[in-house]
Amino acid sequence: MTDMTGWSIERLHADHSQALRIDELLYDSETDHQRIRVFSNSTFGRVLTLDGVVQVTEGDNYIYHEMLTHVPILAHGSARRVLIIGGGDGGMAREVLRHSGVEQVTMIEIDAGVVEFSKQYLPSISAGAFDDPRLELIIADGAQYMRDCDGGFDVIIVDSTDPAGPGEVLFTDSFYGHAKRALAPNGILVTQNGVPFMQGDELTGTMRAFKALFTDATCYMATVPTYAGGAMAFGWGTDGPARAVDPETLAERFRKAGLTPGYYTPEVHKAAFALPGYVARLIP
Ligand code: SAM
């Protein structure tokens with residue numbers, strides 16, 4: 001058997017794991033909520049794991065963050081208030097704040113530890129987002145916040161861990177129901193739903209709930225190298241017309257926003273909603 005000393009081994013799935021070589025272990029600590037580690041890897045730069053599961057890397061985080069922000073914000077067209085649930089590394093806030101029309105970003109992160117060490121050990125991920133006056137950071141459970149908040153959000157982004165531990169409540173029907181209530185008219189809810197080839201039940205559960213709540217409920221996809229097992233899925237739910245935005249309008253909004261294409265482009269936006277058969281079959 002190969003000696004895996006010096007590797008970070010992720011065992012998220014029963015029959016599959018991935019390993020990333022640890023060039024240097026930079027941080028290792030246990031909070032009340034989870035074990036946090038940061039290490040460097042020559043391909044992916046600095047890597048953050050929570051309970052051994054890769055959350056974010058310097059090298060490929062732009063794919064995940066761009067696709068959970070620019071897709072709903074540009075499809076909406078006039079988003080002013082955005083809510084992020086989770087998102088402690090600050091990458092989601094970084095991409096939301098690129099949109100000058102966004103006036104207010106509320107971020108609900110359960111673990112102050114993730115925010116603090118991300119600022120210290122992964123500053124390139126938030127890239128100053130925590131200092132932006134438009135961002136309000138609240139340390140709280142996202143499910144509880146969603147139940148009690150006044151709402152009026154144009155876009156809600158659920159940047160959660162997988163449905164285990166503190167992230168589990170963010171995959172429940174009652175959470176989705178409260179999220180729907182917190183949306184402004186034509187508002188859009190997007191969620192991270194893992195890699196459907198490996199975690200099909202997770203997508204099916206979210207889609208079943210979305211179908212009962214929204215007139216437009218589907219998912220879209222992107223491939224993030226460190227989320228192993230194939231393309232990942234993002235849940236999409238709205239009662240508005242945003243998904244039907246025409247390509248020219250999308251291209252114009254993209255140009256006006258001054259975004260530089262990393263992964264997201266208006267063409268990728270449209271293509272991301274084309275679902276492979278095995279994914280379409282997971283949607284009830
Ligand atoms: N992109 C990553 C992935 O799927 O691998 C997840 C990103 S990470 C920023 C997710 C964040 O959600 C973590 O910082 C975690 O502390 C936070 N989180 C987990 N459960 C939460 C809850 N109930 N309320 C608010 N934040 C939560």
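Tutor: Helices (H or I, at least four residues) and strands (E, at least two) are DSSP runs, numbered from the N terminus. This is a predicted model: local features need pLDDT of at least 70, side-chain atom pairs count only at pLDDT 80 or more, and totals for chains, interfaces and linings use all residues. Residues are numbered from 1 along each chain as its sequence is written.

Start with T161, which sits in the loop between β10 (153-159) and α6 (173-181). A residue is buried if 20 or more other C-beta atoms lie within 10 Å of its own, exposed if 12 or fewer, and partly exposed in between, with C-beta atoms placed from the backbone. T161 has 22 C-beta neighbours inside 10 Å, so it counts as buried. Two residues are in contact if their C-beta atoms, placed from the backbone, lie within 7 Å.

UniProt, in an unreviewed entry, places the feature "binding site" at H65, D89, D159, S160, T161 and D162. UniProt positions are given in the numbering used here, feature names are shortened, and annotations may be inferred rather than shown by experiment. H65 lies in helix α1. H65 counts as buried because it has 27 C-beta neighbours inside 10 Å. Leaving out residues up to four places away in sequence, H65 touches G91, M92, R94 and E95.

Next, the nonpolar cores. Such a core is a set of buried Ala, Val, Leu, Ile, Met, Phe, Trp, Tyr and Cys residues joined through C-beta atoms within 7 Å. In the largest one, of 63 residues, V82, I84 and I156 touch the most other members. Helix α1 (residues 61-76) gives the most to this core, with eight residues. Apart from it lies another core, of twelve residues, among them V38, V54, F117 and L122.

V54 is in strand β6. With 21 other C-beta atoms within 10 Å, V54 is buried. Not counting residues up to four places away in sequence, V54 touches E10, V47, T49 and T226.

Finally, the domains. An automatic or database domain assignment gives the bounds, and the chain is divided into domain 1 (7-57) and domain 2 (61-280). In contact across them are 21 residues of domain 1 and 19 residues of domain 2. Strand β6 supplies five residues, the largest share of the side of domain 1 that touches domain 2. That side divides into eleven nonpolar, eight polar and two charged residues.

How values were computed
Ala, Val, Leu, Ile, Met, Phe, Trp, Tyr, Cys and Pro count as nonpolar, Asp, Glu, Lys and Arg as charged, and the others, Gly among them, as polar.
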